[in-house]
Amino acid sequence: LGNRSMPIEPSTNNLKCRHVEWKAVSYVPGTLIAVAYKNRESKRSGHSQGSLYFHAKHIIQTTGEPLAIRLLMDFPATSRDSTLPNNFSVAGDIVLIRVEIVDKSGMLVPTANNKVYFEMKGHGKFLGFGNGNPSSHESDKPFKNGFKQGSRSAFNGLARVVVASKVTPQFSESERLIEIFATADGLKPGRITWNF
């Protein structure tokens with residue numbers, strides 16, 4: 001924690017919940033590096049030999065204040081589903097966009113819960129919005145004005161946007177361009193573009 005090393009603690013023997021806990025450790029901003037070790041077992045007997053070997057490492061850093069919105073395409077998947085709401089016929093891809101609230105270093109801010117507003121340009125449509133918060137009562141549907149706008153609050157610094165294309169094979173390359181803009185009070189806006 002920071003530059004201070006903690007003693008090695010054994011995990012619990014409970015197979016369903018293996019965790020380690022250090023008592024009386026105060027919060028310190030900076031870097032936390034967790035390193036896991038395993039006991040080396042004898043191949044012949046299957047019992048521990050008492051020596052440890054490196055197994056895994058995870059690093060967490062303290063983030064700064066929320067500064068900007070970053071939009072990333074997580075999953076393009078071809079769909080031919082015509083059972084979507086409002087008789088919307090999908091002629092191309094369904095795209096999942098990840099929305100991240102980041103600090104000045106580009107690190108995800110896990111405490112951010114900013115309300116983000118979305119707008120789309122091009123031959124596409126917002127299908128829905130999410131954030132993974134089980135206690136959120138926000139609508140997951142786009143605004144009714146052409147399904148080109150919507151909003152969702154971030155949860156743990158993240159939100160999700162689902163987009164469908166209205167592009168048909170007859171469209172030119174320039175007509176296949178989709179742009180999504182994301183804005184929130186006090187944050188630099190985000191933008192992502194792609195061609196269906």
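**Entry 1: a salt bridge**

I started with the side chains of Arg-98 and Asp-74, which meet in a salt bridge at 2.6 Å, N to O. I count a salt bridge when a side-chain nitrogen of Lys or Arg is within 4 Å of a carboxyl oxygen of Asp or Glu. Arg-98 sits in strand β4 and Asp-74 in strand β3, so this pair ties together parts that are 24 residues apart in sequence. Strands (E, at least two residues) and helices (H or I, at least four) are DSSP runs, numbered from the N terminus.

The model is predicted: local features need pLDDT of at least 70, side-chain atom pairs count only at pLDDT 80 or more, and totals for chains, interfaces and linings use all residues. Residues are numbered from 1 along each chain as its sequence is written, and side-chain values use heavy atoms, with hydrogens and water left out.

**Entry 2: the rest of the salt bridges**

I looked up how exposed the two partners are. Arg-98 is partly exposed, with a relative accessible area of 27%, and Asp-74 is partly exposed at 29%. For these words I use under 20% relative accessible area for buried, over 50% for exposed and partly exposed in between (1.4 Å probe, protein chains only).

Asp-74 also forms a salt bridge with Arg-160, where the closest N and O atoms are 2.8 Å apart. That pair links distant parts of the chain, with Asp-74 in strand β3 and Arg-160 in strand β8, 86 residues apart. Arg-160 is partly exposed, at 27% relative accessible area.

I then checked Asp-140 and Lys-141, whose salt bridge has its closest N and O atoms 3.9 Å apart. Asp-140 is partly exposed at 41%, while Lys-141 counts as exposed at 52% relative accessibility. Salt bridges that share partners join Arg-70, Asp-74, Arg-98, Glu-100 and Arg-160 into one network. My search of the whole structure gave 7 salt bridges.

**Entry 3: the chain as a whole**

I read 10 strands and 0 helices in the protein chain. Of its 196 residues, 29% count as buried. The chain exposes about 13,000 Å², and carbon and sulfur atoms supply 53% of that; the areas come from the Shrake-Rupley method with a 1.4 Å probe, and for residues only the protein chains shown count as cover.

For contacts I take heavy atoms within 4.5 Å. Among contacts between residues at least 6 apart in sequence, 63% join residues at least 24 apart.

**Entry 4: strand β5**

I next looked for its partners; two strands pair if DSSP finds at least two bridges between them. β5 pairs with β7 (residues 149–153) in the antiparallel sense over 5 bridges, and Glu-119 has Gln-149 as its bridge partner there. β5 and β9 (residues 177–183) run antiparallel and are joined by 5 bridges; Met-120 stands opposite Ile-180.

**Entry 5: the nonpolar core**

I define a nonpolar core as buried Ala, Val, Leu, Ile, Met, Phe, Trp, Tyr and Cys residues joined through side-chain atoms within 4.5 Å. The largest has 25 residues, and those with the most contacts inside it are Ile-69, Ile-97, Phe-118, Val-163, Ile-180 and Trp-194. β4 gives the most to this core, with 4 residues.

Leaving out residues up to four places away in sequence, I found that Phe-118 touches residues including Val-99, Phe-126, Phe-129, Val-161 and Ile-180.
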